[in-house]
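Student: I have a model open on my screen and I'd like to learn how to read it. Could you walk me through some features?

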Amino acid sequence: MINFRNIILLTSIIILGALLRFNNLTNNPPSLNIDEVAYGYSAYSILKTGKDENGQFMPIAFRSIGDYKSPVLIYLLVPSIALFGLNEFGVRFVTALFGVLSIPLIFLLIKTLTNDSKASFIGAALLAISPWHIYYSRFASDHLIGTFFLLLGFIFFYRLIQGFKDYLPAALFLAVSMYSYHSHRLFVPLFIGSTLVLNRKGIKPSSIKTFLIIIIMLILPLIFLTLFGPLNTRAQMVFLVQDIDYTRYVILDHIEKSGEYFLLIFFWIKRFLNYFQVDFLFFNGLNMTNSNILGLGVLHLFELPLLIFGIIHLIRKKFQFRILIILWILLGLIPASLTNNEQSAGRSLLILPALIMVISLGTIYFLQIIRNLTNLFVKTTILCLFTFLIITSLIHAFLVFSVYFPYQQGEAFMEGTKETVLYALENKDNYREIVFDPYRGIKAQNIVSIPYMYLLFYSKYDPAKFQSEKKENQDGAFKFDKFAIRRIDWREDRYQKGVLFIGSPWSLPEKDIKDSEILQKIYLSSGDLAFLIVSPK
Amino acid sequence: MEIVKVDKFLFFFNLCLISIHSLFIAFLIRTLYPIHLMGENLFYADLLAKPVVIPLWLAFIFSNINVVILSILSQFIWNKRQGLILPILYIFNPWSTYLTSLNSFYIYLTSLILTMIFGLILVKSDYRKIGSIVFVLGGVLLLYSSFVMFIMTPLIIMGVLILKLFNKNDIKNLSFWIILFSIPLFIAIFKNPVGWANIYRNEVNIYNGSGHLSDINNFQGQAQAVGFKFFSKIAENRYIYFVKYTSLKIIKNLTPSTYFTPQEKLANFSFSPPIFLGFLLPFLYGVYSLFKYSPAIKFFGVSLILIIPSLLSKQFVDLNRLVIFSFVIFYVISYGLIRLYQNKKLSQRIIFLLAVVLVIFQFFVTFSDIYLREYPRFERTFGINFEIR
């Protein structure tokens, strides 16, 4: 029977989640990052020509800016860009929408697994305000899309285990999740395999056979691309053996070959256990600020005691799916820990629903303990302290998202590139060539931006023309139309009249340039000078 | 006296342990020499402005004394066969061996702490006289040796009193003797307040050097600029910051990956884990069993005081200082291993076997890695400055 109070409650939670994801979406994060621009232009290219910018017809793996991108987000962006145009909102709308839609899904998942309405509402509320989920909902990210389809797939998969004949949607959504993000390609088979082995007695073999046949059929192209195609290259690029810490510090650049692979095993285990570090979970896992202590972890600090209660609850209370929740967390971290990052919040996002489930169960357990306390003073003190912890955590998260993150991490999102590109496009006709230096950075020239993608994106460059156009790629320079992407050497370039130069103060040193030659300065939100636009006179 | 009448087996067993431990230390010294940790002055000598540093050969002796005390202690706690595990864990894991070979001051302090515990157990086992002497000797030497221990020893005694682990009157009497013998130390402190302040500054670095206040000011300034001064004052003031910082430090010092992976580097450069990873599962099982079955959980609670020196350090986790807590971890692992072994369930037998296999495997990998790469690793980290601060 439909309970209107519950519907209103769930709707309120969804509205809260939508507000947190859609509010000021185009300006925070402060700029589109390289991947977002690439996703957007690939989708635009598909919309206009049915081909990606390299001329491939409806590809399964998109070759873009030195990487192979998963197809699902790009295809999902096509209607969004058709509707809202090739702009910030058009690119970010899809992930924000899927972020909001994940809220009712986690509600359904917890309800399916535990049949506990309270835990389901708590889970939905926690996901609605989860910094991890909000962060990845606010820019075009395939991590979030993959996790959305994972949630959807698991709901049907669990129903399948419970005896419902949901093999088609389960297989379909899990397969889509595998197409959505790289981590899922390893996690989904591992998880399905372990679940089926652990629940082999309670499952109808015929349903599972059908499920397995469908999912294998659906992922055959993916298996082929992963084993023999370009995705293999991508996997090798990000694999743990390429890790700088491993090569430079552990095996010392192959100083002595023997035992390297044994060390790799222990290095991997270290990486795996890193994901359980408290600073990643509660202090600075999202890397949204420059400070470790005043940063934001993937979970709120007030969730720490609830997580502990949840773990105790999982150990003490035996319910049917507890082992699956534990497996979800442990197996979910395998793909992320196998890659060459210390800790990657994006690659490990897929374990968030499982963590939310544990925290929800912990909340219920915590409330039970509080309710059973007879000493009023102790009860009041604990509640007051916990409320204070919640309030300060939420205020801190609000400040990080709305103030510190755009202020401190603008550069990570290529802030300023849009302004340079718009200037170049406006003044294109006045110059014979426009040169962009791809290297930027405030403290050092350590960030490689891909300005040509921004040029394509903001000029809405005709994809058909770009696909067929002759692109020069010589002497480290990439040229198309009037644009050249190359390093600027001001000692030589200062004599090139009629050319517009756009670069960071590292390549265009202010002291060596006449004031009349500087046409514009572009600053980050933090006030640091990011770019100079210069034309020699 | 029965305590002196150690049977032949245990005598030879301890002799074997000492030999193996010495071999490991010699191997590490041979591999890593002349790398060493910066020497720390004895507290009392420092106050008298006559610095005295524990030499390597003494650290070597104290490390072997630790093996013997642990062996005797574990015989008190468990039966003969099970009691062999604790000292074996101590010598086979890289932590103490590594730090001994680098001449860690905290190996010596570990001996004194173990001596105190040994004294208390003797007192409880009705060897009151000898137990009291051992306890007081350990306590007094501890106070005279290290400033941090000067702060911690009263805390440990208070913890023992509060949790009623031992007879209240016994502890009071023993504390009285410790205080009495420490009068010269108090006089030295009283006479040299400047020296005391300097030692304090050197030893206690919990909030030093990481620009905490400037972090808070920057954040508050940014929030103020957009009109969120009030919110920022609530959520980002210095009190909350320090609570967060301290909590993070405490939790990091109690996180298993600190002990079982090279997450925190031994002597700031090594890739050897303090304790082999294979012991992680027995450790977790040991913690679980302690909470569920054992009255020893109170001892475990008091022993957490031993992480204080690491908390007072500049680093988040200081494995050198934390080595005084190592025997507690080894105790929990031993307990976990014993319970796993006693349990007849197949799953727990498998965990036991897995742990053993993984440990043997990692033992060879680690020691070959130390032999082949640790010295170049050190050079890559610190260059040719062989003293680690």
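Student: Where is P29(A) placed?

Tutor: P29(A) sits in the loop between α1 (4-22) and α2 (34-49) of chain A. Helices (H or I, at least four residues) and strands (E, at least two) are DSSP runs, numbered from the N terminus. The peptide bond from N28(A) to P29(A) is cis, with omega near 5 degrees. Chain B has a cis bond as well, from Y33(B) to P34(B), with omega near 5 degrees. P34(B) is in the loop between α1 (8-32) and β1 (36-37) of chain B.

Student: Before we go on, what do the numbers and letters refer to, and what kind of model is this?

Tutor: Residues are numbered from 1 along each chain as its sequence is written, while chains are lettered from A and ligands numbered from 1 in the order in which they are written. This is a predicted model, where local features need pLDDT of at least 70, side-chain atom pairs count only at pLDDT 80 or more, and totals for chains, interfaces and linings use all residues.

Student: What does pLDDT tell me, and what is the average for chain A?

Tutor: pLDDT is the predictor's confidence in each residue, from 0 to 100. Chain A averages 90, and 98% of the residues score at least 70. Among the elements of chain A, strand β6 (residues 472-474) has the lowest mean pLDDT (68), and helix α6 (residues 131-137) has the highest (97).

Student: Let's do backbone angles. What is phi of A267(B)?

Tutor: Phi of A267(B) is near 55 degrees, a positive value in a residue other than glycine. N268(B) also has a positive phi, near 65 degrees, and is again not a glycine. A267(B) lies in the loop between α15 (256-260) and α16 (280-292) of chain B, and N268(B) is in the loop between α15 and α16 of chain B too.

Student: Is A267(B) buried or exposed?

Tutor: The idea is to count neighbours: a residue is buried if 20 or more other C-beta atoms lie within 10 Å of its own, exposed if 12 or fewer, and partly exposed in between, with C-beta atoms placed from the backbone. A267(B) has 22 other C-beta atoms within 10 Å, so A267(B) is buried. N268(B) has 16 C-beta neighbours inside 10 Å, so N268(B) counts as partly exposed.

Student: Now strands. Why is strand β9 (residues 499-503) of chain A largely enclosed by the rest of the structure?

Tutor: Because four of the five residues of β9(A) are buried. As for its partners, two strands pair if DSSP finds at least two bridges between them. Strand β3 (residues 433-436) of chain A runs parallel to β9(A), joined by four bridges. One of the pairs is E433(A) with V499(A), its bridge partner in β9(A). β9(A) also pairs with strand β11 (residues 529-534) of chain A, in the antiparallel sense over three bridges. There, the bridge partner of G503(A) is L532(A).

Student: How many residues does each chain bring to the contact between the chains?

Tutor: Two residues are in contact if their C-beta atoms, placed from the backbone, lie within 7 Å. The contact takes 34 residues from chain B and 28 residues from chain A. On the side of chain B that touches chain A, the largest share, nine residues, comes from α21(B). That side divides into 18 nonpolar, eight polar and eight charged residues. Here Ala, Val, Leu, Ile, Met, Phe, Trp, Tyr, Cys and Pro count as nonpolar, Asp, Glu, Lys and Arg as charged, and the others, Gly among them, as polar.

Student: And how is chain A divided into domains?

Tutor: Domain bounds come from an automatic or database domain assignment. Chain A has domain 1 (4-31 + 87-408) and domain 2 (414-534), and their C-alpha centres lie 39 Å apart. Five residues of domain 1 of chain A are in contact with six residues of domain 2 of chain A.

Student: What about the domains of chain B?

Tutor: The assignment gives domain 1 (8-204 + 237-388) and domain 2 (205-236). Taken over C-alpha atoms, 37 Å separate the centres of these two domains of chain B. Their contact takes eleven residues from domain 1 of chain B and eleven residues from domain 2 of chain B. α14(B) gives the most to the domain 1 side, with five residues.
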